[in-house]
Every structure is written in structure tokens, then in C-alpha cells.
Amino acid sequence: MKLKALFNKLVSLFVLFPLAAQAEWGLNLRQGATEISQKVYDLHMFTLWIMVAIGIVVFGLIFWSIFYHRKSRGVKPAKFSHSTTVEIIWTAIPIIIIIALAVPATKLLIAMHDTSGSQVTLKATGHQWKWQYDYLDEGLTLFSNLDEKSQEIRQLKSGLNPQDHENYLLDVDQPIVLPINTKVRILTTSNDVNHAWWVPDLGWKRDAIPGFTNDNWAIIEKEGTYRGQCAELCGKDHGFMPIVVKAVPMDEYKIWVAEMKAAQDAKKNTANIVLTKEELMTQGEAVYKKVCLACHQANGQGVQGVFPALAGSAVAIDPANRLGHIHRIIYGKNLMPAFGEQLSDVEIAAVTTYERNAWGNNTGDEVQAKEVSEARNK
Amino acid sequence: MSTLAHEHDHAPSGLKRWLCSTNHKDIGTLYLIFALTMFFVGGAMAMVIRAELFEPGLQYVDPQFYNSMVTVHALVMIFGAVMPAGVGLANWMIPLMIGAPDMALPRMNNMSFWILPFGFALLLSTLFMDGGAPAGGWTMYPPLVLQTGDAFPFLIFAVHFLGISSIMGAINIIATVFNMRAPGMTLMKMPLFVWTWVITSFLLIASLPVLAGAVTMLLTDKYFGTSFFDAAGGGDPVMFQHIFWFFGHPEVYILALPAFGIISQVIPAFARKPLFGYASMVYATASIALLSFVVWAHHMFTVGMPLKGELFFMYATMLIAVPTGVKVFNWMATMWRGAMTFETPMLFAIAFVILFTIGGFSGVMLGMTPVDFQYHDTYFVVAHFHYVLLTGAVFALMSAVYYWLPKWTGYMYDEKLGKIHFWLSAISSNVLFFPQHFLGLAGMPRRIPDYNIQFADFNMISSIGGFAYGLSQLLFVYIVIKCALGGKKAKDRVWEGAKGLEWYVPSPAPHHTFETPPKLTKEMLEH
Amino acid sequence: MAGKDIYYVPHGSKWPLVGSLALFTTFIGGGMLLNSAPGAKYVLLLGAAAIVYMFAGWFAEVIAESIGGKYSKQVDTSFRMGMGWFIFSEVMFFAAFFGALYYARVFSIPWLGGEGNGGINGTHEFLWSSFQASWPMNVMPDPSKFTQYSDVIPAWGVPAVNTAILLTSGLTVTFAHWALKNAERAKLSFWLFATVALGFIFVFLQAEEYAHAMGDLNLTLNSGIYGSTFYMLTGFHGFHVTMGAVMLLIILLRCLKGHFSNKDHFAFEAVAWYWHFVDVVWLGLFIFVYWV
Ligand code: HEA
Ligand code: HEA
Ligand code: CUA
Ligand SMILES: [Cu+2]
């Protein structure tokens with residue numbers, strides 16, 4: 001199956017190398033969507049060609065010796081064993097080359113460090129394993145998880161074919177939007193372990209370190225959707241916390257922010273919503289899949305020794321632990337993150353209900369948003 | 001010729017010979033066998049990695065286990081395969097090369113070996129523990145590594161343990177070289193392999209205790225409430241990275257310098273021409289070692305250092321290309337106008353020079369801070385370090401084994417099979433690692449068990465290369481065992497152009513050599 | 001048998017293997033203890049006992065060989081180099097912790113407090129806006145996670161006395177060495193005894209100081225980066241002083257037994273070097289941990 005396709009591609013790679021290179025093979029760094037990313041690309045190419053040139057000279061000389069200075073050709077070995085002149089030359093030339101590389105690199109680095117004069121500030125916070133975004137000037141906060149389709153495909157032995165999803169592992173449920181031609185300052189930090197925020201088209205990545213922020217900037221020049229991934233090992237699902245940035249004109253950006261803010265405010269007050277058991281269960285399952293599954297697994301069995309099983313867990317079945325269950329979700333504990341900020345009352349109610357009734361936890365319990373809202377104040 | 005050897009050559013027999021040995025040759029053999037075993041253990045883990053990455057989607061292992069495989073693969077390869085192989089060669093060859101009866105501290109020598117199997121028992125046992133083996137990468141960055149389960153203290157103690165072994169080994173080598181040379185073997189007459197090992201030993205003694213300190217702080221952060229790596233208490237997770245890489249960068253030269261030494265022995269032998277620029281080789285090695293202590297932060301350009309720091313580490317990193325270049329050019333000039341033949345050791349040596357240099361080129365690219373912001377933590381880095389480690393250090397070790405195997409066993413290895421092994425290895429390792437450059441540039445992060453479909457083709461090629469490379473190494477084992485069991489008798493001077501004292505003792509080298517200091521002639525001191 | 005011009009290569013020895021096993025057992029015990037596994041204590045104790053057994057046996061073998069006249073000048077040099085480089089490796093071990101202290105004082109704390117990089121990249125502004133950098137850092141960035149202490153140990157109290165004690169002990173051990181070289185037995189024993197005594201007094205005072213710091217000042221390992229670096233540096237140093245003092249004590253006993261000649265006494269010198277090393281580390285501690 002795929003092996004054959006691979007073979008065809010290999011042939012085309014060798015035959016049509018230059019064409020194949022840019023088109024579908026993705027052989028090289030991306031030029032990206034900002035002036036900086038273009039400069040990074042240029043410096044990369046400049047360095048690459050210098051390396052190729054040095055390689056041609058050095059390897060050329062070696063191959064020359066291999067062909068002409070071999071015993072089977074009857075040559076007698078020379079006796080020389082040093083020459084101060086050539087040794088000075090081949091110390092000096094690399095120094096010159098290095099200076100030639102260091103000068104543009106220094107200039108570019110200084111430019112990349114200058115975050116002054118930004119008009120929009122975005123704070124990206126890494127969580128195991130999703131990104132939280134705060135638009136600091138707008139007071140807007142949102143979370144961005146791996147999209148559901150990828151989530152299903154990527155389960156071990158899922159039997160689903162990644163080829164069916166073009167943006168497999170590079171799609172999220174909630175992309176972020178940034179304005180084009182605007183200097184955006186992007187702060188990175190983390191809530192738990194180190195992550196790194198990386199969108200190749202912006203020309204850089206930056207670590208997200210708990211307790212510290214880093215800052216960076218970008219002026220995106222082209223509209224479009226730019227995808228990236230977490231680039232610092234952050235545990236089990238490090239490979240599954242992508243980043244999607246939609247770059248749009250300023251006015252569209254403003255509209256988007258307004259809509260998101262409205263939705264966010266609507267979510268804030270859900271304490272009075274009352275749902276039926278079925279509604280709670282379906283909503284709860286959705287929340288569970290999106291947020292909890294990464295650790296506690298689809299079957300609620302957790303991961304031995306790391307994430308406790310919820311199926312059969314005393315916390316999730318004992319009536320006396322009902323409040324404790326809700327509190328565990330709101331406040332977290334040790335490696336269990338706190339979800340009180342991220343989830344609304346009704347969502348927590350739903351997921352609690354779900355957990356108390358799924359995988360054989362047949363408690364029959366029904367938790368409503370009101371109970372969660374009260375639990376927050378206890 | 002064999003006047004330099006002991007007449008009644010007696011080796012103790014039985015288990016005791018190996019368990020209680022104080023003989024540098026036996027201990028060297030133990031080291032080499034251990035290293036080869038570990039190469040296969042680490043390689044088997046690499047095969048798990050490559051199998052999982054063969055296609056997109058998760059087929060065989062869950063992500064947590066994948067991360068464990070990556071972590072333990074690296075630790076086993078570095079601390080279990082390449083370092084012990086280097087020490088094994090040092091044990092076998094340094095006394096022979098400098099005319100010493102044994103290592104300076106033979107009992108300690110035995111202890112530095114026996115720690116290894118126990119150390120790895122400690123490390124590998126974590127695979128069976130609650131919460132699994134360490135999965136935070138071989139770099140052990142906090143806070144992630146602090147999430148390790150029961151394996152955590154065993155990881156830390158294994159690092160301590162292996163560190164003790166390496167430090168003892170290094171002290172032994174320094175004492176041997178500075179104290180045990182035969183009269184006439186002045187420092188600037190020593191074979192280059194010996195020089196590179198002395199300098200490596202300094203790196204070991206200066207850097208491993210720092211690693212021990214770093215992991216000790218991890219331990220206290222996890223169990224005793226300290227806050228070295230926790231901002232809430234005034235510490236900084238990045239502080240660990242600084243301390244780790246202060247060890248980690250010299251560590252990569254600990255793996256590379258002995259390889260340089262091997263190549264400097266092998267190339268002159270098969271070019272039948274003296275090593276070009278002996279003195280500058282020594283100085284270049286020393287400069288690399290010194291510089292290696294001031295470049296560490298090039299592994300952490302993306303953590304957000306102040307501009308001045310980034311500039312300093314960028315310049316220092318790029319500067320290392322100069323002394324390394326001197327070495328490459330010297331090897332090139334040694335071949336120039338020689339009369340070369342291409343037996344297996346030479347093939348591996350030439351492949352080393354070319355492929356290591358390719359790895360060095362990508363190293364210089366990584367060293368340029370603004371571009372490293374793109375390369376960092378992608379497969380471009382993975383490609384870089386496997387070029388310098390696998391087609392670099394490991395190829396040099398292969399070269400060394402073929403070069404000295406007849407001296408150790410007394411028999412010639414099967415040259416034809418050796419050449420086949422070389423070509424299989426050289427081709428498959430490039431199929432394995434060259435495409436990873438493209439993957440990295442196209443945006444594939446490292447340490448992920450699954451990837452977008454755009455990376456599928458190159459990953460498949462890479463995996464195929466990986467399996468081919470792995471299978472080819474079975475041939476190597478066959479060749480070595482076959483050679484140990486018998487074959488054509490080897491001459492004392494196995495290779496026509498080989499220089500150095502080791503070729504003046506019989507093949508196989510008797511159990512005891514140079515019990516009284518040899519009288520060195522001018523030819524014996526050539527290199 | 002061994003002539004003085006032949007390098008002595010010992011025949012097989014079981015001690016290296018015993019040593020590896022002993023360390024292995026100890027590490028397993030330690031790991032089990034930290035994982036709160038049952039029986040950990042016994043494994044740990046067994047390991048520790050095996051280590052003591054290994055040292056005793058190994059050194060007994062070496063001492064017997066030394067007294068048996070098997071060692072040439074060259075062997076002596078090997079031992080010297082071994083000890084010298086071992087001490088250097090210890091220096092680098094301490095360097096890691098001094099490095100941590102330096103990093104915390106020069107980088108992480110000021111940055112958290114908004115100076116330098118921490119001002120530029122927003123660390124202070126967005127995460128710790130109420131934190132103020134200071135050293136010793138008493139109010140942590142997140143006070144809820146760590147215990148607060150009321151005061152630190154002033155340099156010019158016990159630490160200064162301890163400095164004087166260690167410096168004096170450096171002198172006394174040198175006097176003992178001179179006495180040994182001049183074959184003045186009585187003087188040797190006296191000065192060596194004085195050194196051991198000073199060493200133990202140091203450890204005693206240090207322990208008192210710890211009790212005071214933990215009990216009265218509430219300064220513990222959990223007191224943020226100040227407590228962490230303070231206890232790790234002084235703790236490891238204290239441990240080394242204890243080991244050094246024990247080694248000196250053994251040397252004292254060996255002197256009393258007449259093991260050393262005025263020419264041939266490398267074991268004495270090795271321990272003396274070690275003692276000077278803990279001395280120098282202490283000076284570093286006194287200056288950077290207590291004083292400035
Ligand atoms: C044997 C091991 C080895 C060796 C020898 C090297 C050699 C070099 N390495 Fe490599 N490196 C590693 C092992 C090694 N490395 C490992 C294991 C990692 C990853 C660790 C991890 O994160 O897990 C790593 C990662 C790594 C990084 C971090 C990348 C990142 O994570 O973002 C960088 C960045 O600067 C780097 C740079 C270099 C440089 C400049 C050299 C130089 O020494 C190379 C010098 C050689 C040459 C340049 C070729 C010969 C010279 C000439 C022919 C002269 C002319 C050349 C010029 C003028 C350019 N290495
Ligand atoms: C000296 C060091 C060394 C060596 C020799 C190797 C050798 C190999 N390495 Fe490794 N590697 C590292 C050091 C090394 N590596 C380090 C430091 C890392 C970083 C870890 C981290 O991120 O923390 C790494 C990471 C790493 C990755 C990246 C994983 C990731 O980021 O997700 C990959 C992926 O392809 C890989 C592959 C391989 C392969 C295929 C080999 C092969 O060359 C191995 C070949 C050997 C064998 C295969 C054994 C012999 C044969 C058998 C066992 C018989 C059976 C054979 C078959 C079934 C085919 N290595
Ligand atoms: Cu988050 Cu990797
Ligand atoms: Cu490095």
C-alpha cells in the first residue's frame with residue numbers, strides 16, 4: 001500500500017528533485033509570514049550554502065586523495081608532516097567565514113529582541129496539554145485543545161487513518177485570531193512544566209517556563225492560517241498540543257474579539273441552568289473527552305501509577321465524596337490541574353455527573369450547576 | 001620482537017579472572033563487551049522508536065512509553081555504549097601505547113567497570129516500575145522530570161553511580177599517562193589517541209561532578225522541599241538547564257575526542273604517511289576542550305536569555321569550528337599524497353571524517369542563535385547529533401575495533417565481511433538520518449510519537465534506514481565472534497603502515513606486557 | 001619479591017566488586033526509602049555496612065602492601081595523583097551548588113523582582129508583581145508554598161568562630177606533618193589530636209547552629225532558595241568535614257600504631273590535603289553564604 005506510494009515518491013524525488021523540493025515534500029525551512037521569518041530564512045540559506053561550499057572543497061580534496069593517492073596506483077607515500085604556512089591559512093580562513101556569519105546573525109538577533117511599540121499583547125500559557133490564551137488588552141481568555149477528529153484518530157490502535165485528516169495533529173478546537181500588519185507582543189509562560197510556543201511561519205519559537213514569562217513579537221504580513229506545535233517535551237501528550245493562528249485584518253479581528261467576549265461573559269453565569277440527566281451526561285461526556293481524557297483515559301482507567309482510575313474510584317462513587325469530587329475538579333491536587341477557571345459551573349456539573357455514572361460508576365447521581373456554584377464558595 | 005613481553009604468560013582462570021581482575025586487558029575486554037551489549041539494548045529501543053514513527057498514527061506504544069524509550073535510549077547509548085567503549089579502548093591500548101605494565105590504579109580500574117552493570121541494572125529496572133521508566137528526556141529538565149513515578153530516585157542514583165565510575169576511570173587514565181610512561185615517551189611523543197584521552201579525562205573530572213550536583217538538587221526539590229528550580233521559592237527551572245549543559249556540552253566532546261584520537265591513529269597507518277600537524281592536533285584538542293566549557297547555553301537559546309548572553313554563546317559556539325576544522329584539515333592533509341589502502345578500519349575512518357564534518361556543519365548552523373529559534377527541538381537537531389554521534393563517535397569506535405581486533409585476538413577478522421558491514425552501515429545510516437534534516441526544517445518537533453501526514457514519507461524512509469542499520473550490526477557481532485574464535489594468524493605488526501608501540505608486542509598481546517619499562521628506539525616513537 | 005624498579009600490579013582483588021555491590025545495595029535502599037517501600041531501612045543499612053566493610057578491607061589490603069614494602073616511588077605518585085584529582089572532582093561538585101547560589105542571587109531573584117531580563121520580558125509585571133527582590137530573600141514570590149523564616153544566621157557569630165576553628169585546624173595539621181617529618185612522635189600525636197578535636201568541635205557547633213536556625217528562626221530547606229542553598233552548601237560541607245575528621249581519627253590511630261615513617265606517609269598527606277580542601281570550601285561558604 002503505502003510502500004508503493006513511497007517508492008513512486010522516491011523515484012520522483014530523484015528525477016524531479018528541484019520541483020519536488022518545494023512543492024509537496026517540505027524539504028526546507030519556511031519563508032513564513034513576517035519580515036523576521038523571511039530574514040531567518042535568508043540567513044539559514046546563506047549559512048547552508050557556505051557549508052555546502054566548504055563541504056565541496058574539503059570532501060573534494062579527500063576524494064581526490066582517495067582516487068589518486070592510493071597504493072594500488074603504485075604511488076610512493078610522501079614524507080611531509082607539517083607546514084606552518086598552510087596551518088595558519090586553514091586557521092585563518094574559518095575565522096573569516098565565522099565572522100561573515102556572525103555579523104548578519106548579530107544584526108538579526110538584535111532586531112528580534114526589540115519588542116517595543118507593540119499594539120496587541122497576547123499571553124500564551126502552556127498547560128499539560130493545551131494552550132491558554134489571554135488577550136491582555138481585551139480581557140479575553142480562551143483555551144485551545146487538539147481538535148476532536150485528531151483526538152480520535154490518535155488513540156493507540158484506533159484503526160482510523162490519519163491520512164483522512166489533512167491537518168492531523170495540527171488542528172485545534174479553538175484557533176486564535178491575530179490582526180495583520182500590527183505589532184503583536186506574544187508572552188509565553190506555563191502553568192505546570194516547560195512547553196514551547198512555536199509557529200514556524202512567525203520565524204521563532206520560545207519556551208514557556210513556569211514562573212517566568214518570555215516575550216517576543218511578530219508583525220504578520222499575510223492573511224492566512226498558520227499552524228504550529230508545542231516544541232518542548234512536556235510529558236505524555238507533548239505531541240498533541242498544536243497551535244493555530246488565524247491572521248485577519250484589524251477590523252475582522254475586532255469583530256472576533258467582541259464575539260468571543262460576549263460568549264465568554266455568557267459562560268460566566270451558568271449557576272442557574274438546570275439540565276436533565278441525559279443532557280448532563282451528553283455534555284459531560286463532551287467535556288470529559290475534551291479536557292479529562294488526556295489523563296484519565298477514555299475508559300476512565302487512568303494510567304497506572306501516574307493518573308488514577310476514575311472508574312470505581314471512591315471519590316467518584318462514594319456519596320460522601322460528592323463535594324470532594326467537585327472540589328477536586330475546581331481546585332486540582334498535585335498533578336491534577338485546577339479547572340475552576342477554565343470550566344463553567346454547568347460544565348463542571350455535567351462532567352461530575354458523567355463521571356459518577358460512566359464506566360460502571362452507576363451511582364445515579366445528578367449534579368446541577370447550582371451545587372457547583374455553591375461548592376466554589378465552600 | 002616479543003622480548004618486550006613476559007615470558008611465562010599466565011592469566012588467572014575461571015570466573016575470578018573476570019570478577020576480580022586487575023589486568024588492564026581483561027578489564028578493557030569487559031568494558032568493550034559491556035558496551036556492545038548496551039549498544040544493542042539502546043539500539044533495540046531505537047527500533048521501537050523507529051517502528052512507532054514508521055507511519056503516522058499510534059500503532060504500537062502509548063505516548064508515555066514512547067517518551068521512556070527516547071529517554072532511556074539516549075542514556076543507554078551515551079552512558080552505556082559510547083563512553084564505556086571509549087574507556088575500554090583506553091584500558092586496552094593506553095598501557096600498550098606508552099609502555100606501561102598496567103593502568104596506574106588497577107583495583108580502582110576494576111571497580112569503575114563493575115559499577116557499570118550495576119548502574120544499568122538500577123536504570124533499566126525502572127522500566128518495570130509503577131509509573132514507568134523516566135520519560136522526561138535524557139536532559140531531565142524540571143519540572144517535568146519531577147513528575148516521574150517510582151523510577152525517579154533510581155534515575156538520580158543511577159546517574160550518581162555512573163558518574164562515580166567515569167570519574168574513577170578518568171582519574172586512572174590521568175595517573176597512568178602522567179606517571180607510567182616508559183622512559184623516552186615524552187608527552188609530545190605520545191600517540192594522539194593517548195592525548196585525546198588525557199584531555200577527555202579532564203573533561204570528565206570537571207563536568208561529571210557538576211551533573212551529580214544538578215541531579216542532587218532535583219532529588220531535594222522533589223523530596224525535601226527545596227526550591228532550586230521553582231520560581232515560587234526564588235529558583236528557576238532554567239537554572240537546571242544551565243547546570244545540566246555545563247556538564248552536557250563537555251559531555252558531547254567526551255564522546256567525540258576519543259573518536260578523534262582513533263581517527264588520528266588509523267588514517268596515518270593506511271595512508272602510510274606520518275600524521276600531519278601532530279602538535280597542532282594536540283593544541284586543537286585542548287582548545288576544543290577549553291572552549292567546550294563556555295558554550296553550554298547554545299542548547300537553550302529559546303529559554304529567553306538576555307541579548308548579551310545569547311550573543312556570547314553564539315560567538316563561542318561558532319569559534320569551536322576553528323580547532324575542529326584544524327583537525328579535519330590535518331586528517332585531509334595526512335591522506336594527501338599518501339599511499340592509501342582501504343581496509344575496513346580505514347573505510348570507517350574516512351566515512352567518519354566526512355560524516356562527522358556534515359554533523360559539524362549542522363552544528364554551526366544550530367549555533368547561530370536567530371536561526372536556532374527555528375531549528376531548536378526539531379528533527380534537524382536529531383539529525384545533527386546522530387551524525388556526530390553515530391556516524392561520528394560510533395563509526396570511529398567501529399574503526400578502532402577493526403584496527404586493533406587482530407592485536408587483541410591474534411587472528412585476522414574476515415576482511416570481506418568487514419567491508420560488507422561497512423557499506424551496509426554507511427549507506428543505511430545515511431538513509432536513516434539524512435532525511436531527518438528535511439523533517440526538522442519542514443517543522444517536525446522532536447520527542448513526539450505521532451506526526452502530521454506531511455512528514456509521513458521521510459519518516460518511513462528514515463525507519464527503513466534504521467532497520468537496515470540495526471540488522472547490519474548483527475553482522476558486526478558475527479565478525480567479532482568469528483575473529484575471536486580463530487582464523488588467519490595475525491602478524492605482530494598487523495598493518496603495514498601502523499606506527500606505535502602496540503605493534504611491537506606479539507599478537508595476541510600477552511596477559512602481561514612491559515613488566516619492566518621497555519627501551520624505546522626511535523622507530524617505536526614515530527607517529 | 002617486587003623490586004623497587006618494578007611497578008606493583010596487585011593480583012586479583014575482590015574489593016572492587018564488593019564495593020560496587022555495596023553501593024548498588026545502598027542506592028536501592030535509598031530509592032526504596034524515598035518511595036516509602038517497606039523494608040527500605042534494612043536494605044539501606046545493609047548497603048552502608050557493606051560500604052564500611054569494603055573500605056576497611058580494601059584499605060587493610062593496601063596498608064599491608066605498603067608496610068610490606070611493595071610500593072615504589074612510582075606507585076606513590078599514582079596514589080598522589082589519584083587523590084589530587086579526586087579532590088578536584090569534589091571541588092567541581094561544590095561548584096554546582098555555588099553556581100546555583102550565584103544564579104539565584106544574580107539572575108533569578110532580581111528577575112522575579114523586575115530587574116534586568118525580568119523587567120523586559122514581563123516576568124515581574126505579569127506573574128509576581130508584588131514580589132520584591134532582596135537577599136537574603138525572606139518573602140518568597142509565592143509565600144503560600146514555602147515557610148517564612150524570621151532571620152538568618154549572622155556571619156560574625158558562630159560562623160566566624162567556626163572559620164577560626166577550621167583555619168586553626170589547618171595549621172595544626174601542618175604542625176603535625178612537620179612533626180612527622182622530623183620523627184617527633186609525641187608532637188605528632190598532639191597536633192593530630194588537636195586537629196581531630198577541632199574538626200569535631202566544628203561539626204558540633206554547626207549542629208548547634210542548625211538547631212538554632214530550624215528551631216528558633218524557622219529556617220529550613222523549605223524556606224525558598226535561601227534555605228535551599230544555605231542547607232545544601234553547609235550540609236554537604238558539614239558532611240565532608242565529618243568524613244575528614246573520621247579519616248583524621250583513623251590516621252591518628254595509625255600514627256599511634258607507628259604505621260608511618262618520616263619519609264613514607266602518603267596516607268597522612270592525602271588526608272591532610274582533604275582537610276585543606278574542606279577548609280578552603282568553608283572559606284567560600286563563609287564569604288558567599290554568610291557574609292556578603
Ligand atoms: C559527539 C557529539 C557532538 C559533537 C562533536 C557536536 C558538535 C557541535 N555541536 Fe552539537 N549536539 C550534540 C552532540 C554533539 N555536537 C548533541 C547530543 C546535541 C543534542 C542534545 C539534546 O538536546 O538532546 C547537540 C546539540 C547542539 C546544539 C543545540 C541545538 C538545539 O537544541 O537547538 C547546538 C547549537 O549550537 C550544537 C552545536 C554544535 C557545534 C557548533 C559543534 C561543533 O563542535 C562542530 C564543529 C565541526 C565542524 C564545523 C566541521 C569541521 C570543520 C571544518 C571543515 C572547518 C570549516 C568550518 C567552518 C568555518 C564552519 N549542537
Ligand atoms: C551515542 C548515542 C546514540 C546512538 C548511537 C543512537 C543511535 C540511534 N538513534 Fe538515537 N538518540 C540519542 C543518542 C544516540 N542514538 C540521543 C542523545 C537522543 C535524544 C534523546 C532525547 O530526546 O532525550 C536520541 C534520540 C533519537 C531519536 C529521536 C526520538 C525523538 O525525539 O522522538 C531517534 C528517532 O529516530 C533515534 C534513533 C536512533 C537510531 C535508529 C539509532 C541507531 O543507530 C541504533 C542502531 C543500533 C541497533 C538497531 C542495535 C543493533 C541491532 C539489534 C538490536 C538487532 C535487532 C534489529 C532489528 C529488529 C532491525 N534516536
Ligand atoms: Cu507542551 Cu510540549
Ligand atoms: Cu553543545
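Modeller: T188(A) stands opposite N214(A) in β8(A). This is a predicted model, where local features need pLDDT of at least 70, side-chain atom pairs count only at pLDDT 80 or more, and totals for chains, interfaces and linings use all residues. Residues are numbered from 1 along each chain as its sequence is written, chains are lettered from A and ligands numbered from 1 in the order in which they are written, and side-chain values use heavy atoms, leaving out hydrogens and water.

Colleague: Which strands pair with β5(A), and in which sense?

Modeller: Strands (E, at least two residues) and helices (H or I, at least four) are DSSP runs, numbered from the N terminus. Two strands pair if DSSP finds at least two bridges between them. Here β1(A), residues 120-127, runs parallel to β5(A), with seven bridges. T121(A) stands opposite R185(A). β8(A), residues 214-219, is antiparallel to β5(A), over six bridges. There, L187(A) stands opposite D215(A).

Colleague: Is β5(A) mostly covered or exposed?

Modeller: Buried means under 20% relative accessible area, exposed over 50%, partly exposed in between (1.4 Å probe, protein chains only). In β5(A), residues 183-190, eight of eight residues are buried. K183(A), R185(A), L187(A) and T189(A) point one way, and V184(A), I186(A), T188(A) and S190(A) the other. In β8(A), five of six residues are buried.

Colleague: What span is expected for α2(B), and what does it reach?

Modeller: The expected span is 1.5 Å times one less than the number of residues. Helix α2(B), residues 24-52, has 29 residues and reaches 42 Å from first C-alpha to last, close to the 42 Å expected.
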